[in-house]
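Dear colleague,

I am handing over the structure we spoke about, and below it you will find my notes on what turned up when I went through it. Please read them with the coordinates open.

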Amino acid sequence: MTLADLFHWASGLDWQEDYEYAPLNSSVVAMLYTRGRRDMAAFTAQHPGFSPPGQVFRYSSGDSNLLAAALKNIVGPARYPDYPWTALFEPLGIRHATWETDASSTFVGSSYTYLTARDLARVGLLMLRDGRWGERQLIPRDWIAFNREPFARFQAGQDEAVPGGHWWLNRAADPSIRPWPDAPADTYAALGHWGQALYIIPSARLVIVRYGDDRDGSYHHNELLKRAMAAFAGAVQP
Amino acid sequence: MKRKVLVVLTLALLGALLVWVWFERVALGAFPDIISAYTAKEYCSCRYVMQQPVEYCRGYVKQSVPISDFFETPEAKRVTVSGLGRSNSARWMGERQGCRLE
């Protein structure tokens, strides 16, 4: 299994992402609140496989937490606890950020980062600028390109948007797939639980942060993007 | 005759239920913890990380399964919740670390 497989949510692990509707067999509920909460990455790794890695997309919060645990090995346990701050938040001028961990001190990569809307927009602006912040190339351009490259084996209908490298895209390898038809094809997003969203539209030079608490399914990304495009695209940028 | 069929049917259903309980024993054992752990953790983060008002956070964590007891220690930034016969606590660890189940 490679890091790219995990970034594509294609670990091949037999994970069940259902939340409220099937709590008994939900892998994510067990990971966050019961059997997995002490070591979420280890809990994820205990799942059997259903396919070889890299072959099939299946959204998994567990894959994000395997990445969070892999980061501990990559940067080392001494740098790890402060790494999100030293590598990202502080250079971006984000002064108040919370990133909760499990009992093994591994960041809960799937679920528990807290930023103000304005600070999340800084992350969006960093992406819009291809990883550049001021005079610094904070994230390599190739990395952003990987984030925005659709996972080639994604099939229509597997999710509401197209998986890239841990970002959601409005385009796929198959040009007929367009999750948000009223937004430009280069739109991509970080999408969270109950309607949290960070949208980036490079062709319109737009970054949109939307926080919410939508539990009734009435919120639609395409509708917001359509209205935002009508209101802001083409307007004079400050 | 009819009664015999009913007995056999009941025993078959009971058998199937026991097999299901056996296969799901790990998930079933952890199941009652969900509501109290969920409520304690998400309420703690709502109050002490997101810094939302008490009323908002009580609504924010409300689920269809009721809880039986809710105990908050604001000085310790600690929340203990009981429900379905289990009890779980979450505590605020600091500005960067936020809340975690104990």
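To begin with helix α6 of chain A in this predicted model, the residues that cover its buried positions include those of β3 (132–133), α7 (141–147), β8 (197–201) and β9 (206–210), again of chain A. The buried residues of α6(A) are Leu120(A), Arg122(A), Val123(A), Gly124(A), Leu126(A) and Met127(A). The helix runs over residues 117–128, and at 1.5 Å a residue its twelve residues should span 16 Å, which agrees with the 16 Å between its end C-alpha atoms. Just after α6(A) comes Asp130(A), whose phi is positive, at about 55 degrees.

Chain A as a whole contains eight helices and nine strands. Its radius of gyration is 18 Å, close to the 18 Å that the globule rule gives for 238 residues, so chain A is as compact as a globular protein of that length. Along the principal axes, the C-alpha trace of chain A spans about 50 × 40 × 35 Å, and 35% of the 238 residues in the chain are buried. Of the contacts in chain A between residues at least 6 apart in sequence, 51% join residues at least 24 apart.

The domain assignment divides chain A into domain 1 (1–100) and domain 2 (115–238), and the centres of these two domains, taken over C-alpha atoms, are separated by 21 Å. Where they meet, domain 1 of chain A contributes 13 residues and domain 2 of chain A contributes 16 residues. On the side of domain 1 of chain A that touches domain 2 of chain A, there are ten nonpolar and three polar residues, with no charged residues.

Chain B gives another picture. It has four helices and four strands, and from the N terminus on these elements run α-α-α-α-β-β-β-β. The radius of gyration of chain B is 20 Å, well over the 13 Å that the globule rule gives for 102 residues, so this chain is more spread out than a compact globule. Its C-alpha atoms fill a box of roughly 70 × 25 × 15 Å along the principal axes. Chain B is assigned domain 1 (1–31) and domain 2 (33–102), and the C-alpha centres of these two domains lie 36 Å apart. Buried residues make up 27% of the 102 residues in chain B, and among its contacts with a separation of 6 or more, 49% are between residues 24 or more positions apart.

As for how the two chains meet, the contact takes 16 residues from chain A and 18 residues from chain B. On the side of chain A that touches chain B, the elements that give two or more residues are α2 (27–33) and β1 (98–99) of chain A, and α2(A) gives the most, with three residues. By class, that side of chain A has nine nonpolar, four polar and three charged residues.

The largest nonpolar core has 66 residues, and those with the most contacts inside it are Trp168(A), Ala189(A), Tyr199(A), Ile200(A), Ala40(B), Tyr43(B) and Cys44(B). Helix α3 of chain B, residues 33–49, supplies the largest share of this core, nine residues. Leaving aside residues up to four places away in sequence, Ala40(B) touches Val79(B), Thr80(B), Val81(B), Asn88(B), Ser89(B), Ala90(B) and Leu101(B).

Two further backbone positions deserve a look. Most residues other than glycine have a negative phi. Trp9(A), however, has a positive phi near 55 degrees, and this residue lies in the loop between α1 (3–7) and α2 of chain A. Gln51(B), with 9 C-beta neighbours inside 10 Å, counts as exposed, since the cut-off for exposure is 12 or fewer.

With best wishes

Technical notes: Residues numbered from 1 in each chain as written. Chains lettered and ligands numbered in written order. Predicted model: local features only at pLDDT ≥ 70, side-chain atom pairs only at ≥ 80, totals over all residues. Expected span 1.5 Å × (residues − 1). Buried ≥ 20, exposed ≤ 12 C-beta atoms within 10 Å, placed from the backbone. Contact = placed C-beta atoms within 7 Å. Rg over C-alpha atoms; globule rule 2.2 N^0.38 Å. Nonpolar A, V, L, I, M, F, W, Y, C, P; charged D, E, K, R; others polar. Domains from an automatic or database assignment. Core = buried A, V, L, I, M, F, W, Y, C linked by C-beta atoms within 7 Å.
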